[in-house]
Protein chains: 4
Amino acid sequence: MAPSTNKLNVGILGATGTVGQRFILLLAEHPNFTIHTLGASSSSTGKTYKEAVLGRWKQSRAVPAHVADQEMKECVAKNFAQCDVVFSGLDSGPASTVEPEFRSANLRVFSNARNYRMDPLCPLVVPLVNTSHLDLIPHQRASLSPQLNQGFIVCNANCSTTGIMPPLKALMDAFGPLDKVLVSTLQAISGAGYPGLSAFDVHDNVVPYIGSEEEKIESESKKILGSINGPKTAFDEAQCTISAACNRVPVLDGHMECVSLSFQRRPPPSVEDVKRALHDFRCEAQELGCHSAPAQAITVHEEVDRPQPRLDRDHQNGSGVNVGRVRPCPVLDIKFVVLSNNVMIGAATSSVMNAEVALAKGYLS
Amino acid sequence: MAPSTNKLNVGILGATGTVGQRFILLLAEHPNFTIHTLGASSSSTGKTYKEAVLGRWKQSRAVPAHVADQEMKECVAKNFAQCDVVFSGLDSGPASTVEPEFRSANLRVFSNARNYRMDPLCPLVVPLVNTSHLDLIPHQRASLSPQLNQGFIVCNANCSTTGIMPPLKALMDAFGPLDKVLVSTLQAISGAGYPGLSAFDVHDNVVPYIGSEEEKIESESKKILGSINGPKTAFDEAQCTISAACNRVPVLDGHMECVSLSFQRRPPPSVEDVKRALHDFRCEAQELGCHSAPAQAITVHEEVDRPQPRLDRDHQNGSGVNVGRVRPCPVLDIKFVVLSNNVMIGAATSSVMNAEVALAKGYLS
Amino acid sequence: MAPSTNKLNVGILGATGTVGQRFILLLAEHPNFTIHTLGASSSSTGKTYKEAVLGRWKQSRAVPAHVADQEMKECVAKNFAQCDVVFSGLDSGPASTVEPEFRSANLRVFSNARNYRMDPLCPLVVPLVNTSHLDLIPHQRASLSPQLNQGFIVCNANCSTTGIMPPLKALMDAFGPLDKVLVSTLQAISGAGYPGLSAFDVHDNVVPYIGSEEEKIESESKKILGSINGPKTAFDEAQCTISAACNRVPVLDGHMECVSLSFQRRPPPSVEDVKRALHDFRCEAQELGCHSAPAQAITVHEEVDRPQPRLDRDHQNGSGVNVGRVRPCPVLDIKFVVLSNNVMIGAATSSVMNAEVALAKGYLS
Amino acid sequence: MAPSTNKLNVGILGATGTVGQRFILLLAEHPNFTIHTLGASSSSTGKTYKEAVLGRWKQSRAVPAHVADQEMKECVAKNFAQCDVVFSGLDSGPASTVEPEFRSANLRVFSNARNYRMDPLCPLVVPLVNTSHLDLIPHQRASLSPQLNQGFIVCNANCSTTGIMPPLKALMDAFGPLDKVLVSTLQAISGAGYPGLSAFDVHDNVVPYIGSEEEKIESESKKILGSINGPKTAFDEAQCTISAACNRVPVLDGHMECVSLSFQRRPPPSVEDVKRALHDFRCEAQELGCHSAPAQAITVHEEVDRPQPRLDRDHQNGSGVNVGRVRPCPVLDIKFVVLSNNVMIGAATSSVMNAEVALAKGYLS
């Protein structure tokens, strides 16, 4: 690698996988980060990246030229010693040992895996929503034995959780606590990774079940929408009740979610109030001018049949979320649909934006 | 047509359309009914049925031989004077004039169109649920001017309404009034008729909007789940609150619906109680031994990922409904999924089963 | 199992797989055969069939009741000693050892695997085409060491080969040798088995490559369309030249194949002659009255846009093939499309029909 | 519109349709052209573009801001008097009267409609292949009555024809005349326009017929691959024989075509020679540095299963074509697959690139 004086070196774990490939594309020309080390399973070690993804590169853009010939390394901390930041696209299996080992070696890990999401020391951050939770990093470092001066694990959320967080947060900020939230999802096949689902199972079909997905939405949401305590040593969960029903549909990318919710406030806000609050919502990543932050965190669609996955998933390169069909709910207060790009803001873009905010807030120095 | 001594003559309006084609297949070898007269738009008049559906027959079974050469008639009542029963697969446009004209001519019309569903004189019948509403037929006849001695219009419900009615009815019967019902649908493309949706719109996509569909579910359900008054002159709506969110998904046949609901009864029934009530539910069409009645009105699936449209839509030839994933709902009481075959029990099979019940109850003599 | 006095006992190898499940359905109520022994991999041994296919049964019909509780056996010959016939749905890996072991134990094996298709002792039989090749069975038995008095292996062809064989054979019978055949395929995802293809690979996509498929078509066809020599000891290949281009398309079942061909005969037959020859073609399975033989071996469609996979794959329960768009080819002589059901005549139905013919011809006694 | 000193004013006919929307996106920030006048059917006249495409804009990118508020004009020549170039995305119905009227008014029309493709005065130009045919423009102007000093019609080819032209031309240039070409297509649904195909027809299906498509490939190819005579007054057709079989598959964008061909030259070139000739092929649009010309006219893929529509259709923004699986053909000489983006190089990009070449060659002054 050519030296890059002003950029931070980054490592990518699971670089050949679905999320890893997105990391490659997002980081190939990033103003703050330079791809330095690529890690993958032992079957890829020693190959060039191009060789390692042969027949597995599933992006419509080509492998970036300067990454193609980089040599793949085993996912052990000493290979990543020169990395200022490590992005992990590992599955939960390898993540369970690799990520804590990396943290112990004083590496900063931004993880897509589920393992540490509900850990009381680890921020679970949707970058459009709760980057304030990064302030628990010092406590995480101090609580480990031995204490760390640099290393940490910050998680991003499950893709279907991520999509609904920005509108829920926007409404809490504007109108106070939510009471109840009911969400039904129509999730894309790319959410299952690669090879993921058998074509035989999802072709001309809906699968009304995704393992642990409903539980993830119901638990992760409360942590993300909650706050951190005064001394920045603990997460206080939000108190709303959440119920999820998750379905897989034959769509490539883009999770659609039907949300109905009620507020604690009586009377509840009007449809117009809700739309305005969603549209006006801004997040810290925007205020800090982060590279990957969308111009508009929540795009509110007025057309009666939008957003739609195929037409709207690439809006703002998938870095924001789309809301449409805001209308009264006869059972709760308000209902609407949310579309988010599960492979971008729902995965790789979340990690990268989290790191950008962490950088801006001084947690990477 | 060969004379059929014991069978009733039936006419089919809109015989070349999507629903009409299903009527043809259901009635071609029916023990109670004989296809006598086929009606279609003026462009088909005078053609044989085979000619009229050339390039438009979209069934995997062939046109029944004895129907293929029948001549298509204009949809005017005098052409159907010999019909004991008329099944209408007309769109709401032509239905608005044709169906009342037929009724005025003392014909019994079983309609799939939306026009008379909410009419205070017309039973809106899901055959697995509320065939008792047929008892309003005498009042309908008596209320028209001039009074009729034979003619009537009986409607079946919108396909997405139909699917969820049997489980809701089963639970009301077992546990008393429902309080709130929230339903999100994942509806098949065949529900839009032919040509219906552009492939361009639904390919690799979800459309989170179906015109008037949510309103139909919210209004029709209350009529169907309601009762008729003592003198059998009016419908009393059920009092529960219903909220629907409707989506089109790229699936050929089979509407999936995610239901969450609460009971008025406290404490609510357990998951096991709910499953048993659903499984044990029986309807009048079954008790009367109607030809099209399913052996099992509601099939309760225990596998964690069933029912699925492609695998379960043809169970019992689509005449019952499928329920799965019965589990507690953190927001309301219980949640589950329902799969129904929108072109069978959701359309043609409903009309035919309604007529079978009407026959058994003496309304066709 | 209850004894079945007049039926032959059959075993099924690979009974839980895609082809195996079709065997179960085809044989559950067969007039000549009774399912006796079910074999599967060691992970299923000892389970009931119902337990073994839990979450893997992908048929729209339920597991037949009398099969559901049968115990799964290991695929070793002694477990199948009471079977008069063994149908193998094994993949080529296990087939390579299991099938010859079964034959050595004097069992009659009808195989779907590719291993023995080109073996000079094994008939490669498309039941609508070359059941005369079964007459090599005595030579197969005599050529093995030690010689067998009952055992044999008979193969059916690859699914994409199978589809085009009946029309090619019909044209050879009517008009003499073919000169050149060019075929491009559009193959269904079920052809890849289960789990087979990743949904990610074939969704909204065409994959213009199927490993070894083109070679199979080019080699198997010549054996199938060839003859056996006078003493019934060898296969003489047909002399035509065949070129195949194979593609996977997002269709569940049904292989479409575009065929262009030329005859040695000059001038070539007319389009009408070709249609008539295809329509009039009859095979030995039909003449012998075999249970699974279709009424019409080749259905010639006159509609300009038929056959189509979704509409025509289930015609005659997938036991025949469909031809359409017969027209002149500017480059060769004639072109047309063929649609065959790859999981029925392209797999399980072929084996069963081969066994029916073998039974009728005395090779199972 | 603000005046644009150095750019040519362009008009777009059929601006709200599928091809028209692509013109808008391609021309919104074009270095040579400025969108000046937008024409559409009378139902859109007087609306802004944004209003006119409400509910019909099917692009993942938004309507360009400076186009959104432009007023739609009726498609009559006087409304386009200030346009230096007119791009027509009209269907053949309106094109039959509008396009010649525009030419008579001395407007330069680049048409996507089929009407004038085989006209002996009109160049039929695939911009990667035969821009030399533009040299017939003076003869076209001189042959009309009254003679024109500026107006002309230049057509681009049918989308399925366009895809295979660059490789065929590259091979003719390198190895002399082709003898026979056999092509089977797997065409995307966007090729049918909007609303185009019913979802019901193409879902989980292949339609082995596209009206007139095979005839278009067989006739247009010979004109495109042919030459113009010495005095530049006539087209001489190429002499090869072409046979096409066209299929619609459930893919959004991207036509895949399986090609087998033979050369007149004996012995034919090797596979390696063919690959090199395809890779090295360059066209006039590249030599002239046209804005829309791809860096690589023909991208030759070495991976065994590429190109694929979903992964490769957006390569170079769809402005080149992709070839893969170059291998010997047992029947003819060589076979390979071609993937082209039917809505880009297969439609709008062709017109725009044709105009860029015409500009560079002085035909727009």
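A:Glu214 and B:Arg325 are both buried. This is a predicted model, so please take every value that follows as computed. The side chains of these two residues form a salt bridge, with N and O 2.7 Å apart. A:Glu214 sits in helix H8 of chain A and B:Arg325 in strand S13, residues 321-328, of chain B, so the pair joins two chains.

Which residue of chain B does the side chain of A:Arg313 meet in a salt bridge? The partner is B:Asp204, at 2.9 Å from N to O. Both A:Arg313 and B:Asp204 are buried. Now the place of each partner: A:Arg313 lies in the loop between H11 and S13 of chain A, and B:Asp204 in the loop between helix H7 (199-202) and helix H8 (213-225) of chain B, and the pair crosses between the chains.

How many salt bridges are there between chain A and chain B? The count is 8. Over all chains the count comes to 66. Polar contact is found for 25 residue pairs across the interface of chain A and chain B, both residues being at pLDDT 80 or more.

On to the elements that build this interface. Those giving two or more residues to the side of chain A that touches chain B include helix H7 (199-202), helix H8 (213-225), helix H11 (309-312) and strand S13 (321-328) of chain A. Strands S7 (178-187), S10 (241-248), S11 (255-263) and S14 (334-340) of chain A are also among them. S10(A) gives the most to that side, with 7 residues. By class, the side of chain A that touches chain B has 26 nonpolar, 8 polar and 11 charged residues.

Next, the extent of the contact. It takes 45 residues from chain A and 45 residues from chain B. The two chains bury about 3,600 Å² between them, and 59% of that is on carbon and sulfur atoms. Three residues, A:Asp204, A:Arg310 and A:Val331, supply 18% of the area that chain A buries against chain B, more than any other three residues.

Now the symmetry. In general, two copies of a chain are related by a rotation about an axis and a shift along it. The same surface serves both copies, since 100% of the contact residues of chain A recur in chain B.

Chain B and chain C come next. Chain B can be laid on chain C by a turn of 180° and a shift of 0.0 Å along the axis, with an RMSD of 0.0 Å. Of the interface residues of chain B, 91% are also interface residues in chain C, so these copies meet through the same surface.

Back to chain A, for a salt bridge within the chain. A:Glu284 forms a salt bridge with A:Lys361, the closest N and O atoms being 3.1 Å apart. The pair links distant parts of the chain, 77 residues apart: A:Glu284 is in helix H10 (residues 284-287), and A:Lys361 is in the segment after helix H12 (344-360). Salt bridges that share partners join A:Asp135, A:Lys232, A:Glu284 and A:Lys361 into one network.

Last, two residues of chain D. D:Leu136 lies in the loop between strand S5 (108-111) and helix H5 (137-143). At 0% relative accessibility, D:Leu136 counts as buried. Beyond four places in sequence, the contacts of D:Leu136 include D:Pro120, D:Leu121, D:Ile228 and D:Phe235.

D:Thr37 is in strand S2, residues 33-40, of chain D. D:Thr37 counts as buried, at 5% relative accessibility. Its contacts beyond four places in sequence include D:Val10, D:Ile12, D:Lys73, D:Phe80 and D:Cys83.

That is where I will stop.

Technical notes
Residues are numbered from 1 along each chain as its sequence is written. Chains are lettered from A and ligands numbered from 1 in the order in which they are written. This is a predicted model: local features need pLDDT of at least 70, side-chain atom pairs count only at pLDDT 80 or more; totals for chains, interfaces and linings use all residues. Side-chain values use heavy atoms; hydrogens and water are left out. Helices (H or I, at least four residues) and strands (E, at least two) are DSSP runs, numbered from the N terminus. Buried means under 20% relative accessible area, exposed over 50%, partly exposed in between (1.4 Å probe, protein chains only). Contact means heavy atoms within 4.5 Å. Buried area is the accessible area (1.4 Å probe) that two parts lose on being put together, summed over both. A salt bridge is a side-chain nitrogen of Lys or Arg within 4 Å of a carboxyl oxygen of Asp or Glu. A polar contact is a pair of N or O atoms within 3.5 Å; within protein, one must be able to donate a hydrogen and the other to accept it, and residues adjacent in sequence count only if both atoms are side-chain atoms. Ala, Val, Leu, Ile, Met, Phe, Trp, Tyr, Cys and Pro count as nonpolar, Asp, Glu, Lys and Arg as charged, and the others, Gly among them, as polar. Copies are superposed by least squares on the C-alpha atoms of residues with pLDDT of at least 70 in both.
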